Amino acid sequence: MPRVVHFEIPAADPERAAAFYKKAFGWTIEKWPGPMEYWMVSTGAEGAPGINGGLLKRNAHVTSTTNTIGVESVDKAAADVKAAGGKLVMPKTVIPTVGYFAYLEDTEGNLFGVMEPDVNAK
């Protein structure tokens, strides 16, 4: 069963937001070396309950905290969401060495992501 595996927090100033979360909760936040401006957030030790996430610059798609659901296929998940009454907001996008990602919206207007892992993604 697909589960929430990641969260994203949008910020006007991601470095300021990173400093806030580090100070308020002791989270570890490091800038991702990938092809986009993104900060990886670790909220606790591996194996402990909870999930990790990311910080990104607020944009037209992500304006509030957004959950990402791990799926086997972004294409199938998008089709299933559409069939259930949701809609595709941002089509399948490759994240090199990570996998494939898309933003969708549920019937209530809530944004969420789906992620298909693939270390060979290019």
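Tryptophan 27 is buried, with a relative accessibility of 18% (buried means under 20% relative accessible area, exposed over 50%, partly exposed in between; 1.4 Å probe, protein chains only). The model is predicted: local features need pLDDT of at least 70, side-chain atom pairs count only at pLDDT 80 or more, and totals for chains, interfaces and linings use all residues. Residues are numbered from 1 along each chain as its sequence is written, and side-chain values use heavy atoms, with hydrogens and water left out.

Seven aromatic pairs were found in a search of the whole structure. Rings of Phe, Tyr and Trp (its six-membered ring) pair if their centres lie within 6.5 Å; planes under 30 degrees apart count as stacked, over 60 as edge-to-face and the rest as tilted. Phenylalanine 20 and tyrosine 21 pair edge-to-face, at 4.9 Å centre to centre and 80 degrees between the planes. Phenylalanine 20 is partly exposed at 48% relative accessible area. Tyrosine 21 is buried at 18%. The phenylalanine 25 and tryptophan 27 rings lie 5.4 Å apart at their centres, with planes at 25 degrees, so this pair is stacked. Phenylalanine 25 is exposed, at 53%. Ring pairs join Phe7, Phe20, Tyr21, Phe25 and Trp27 in a cluster.

Strands S6 (residues 87-95) and S7 (residues 99-105) run antiparallel and are joined by six bridges. Strands are DSSP runs (E, at least two residues), numbered from the N terminus; two strands pair if DSSP finds at least two bridges between them. Methionine 90 has tyrosine 103 in S7 as its bridge partner. Three residues lie between the strands of this hairpin, where threonine 97 takes a positive phi near 65 degrees.

Notes
Helices (H or I, at least four residues) and strands (E, at least two) are DSSP runs, numbered from the N terminus.
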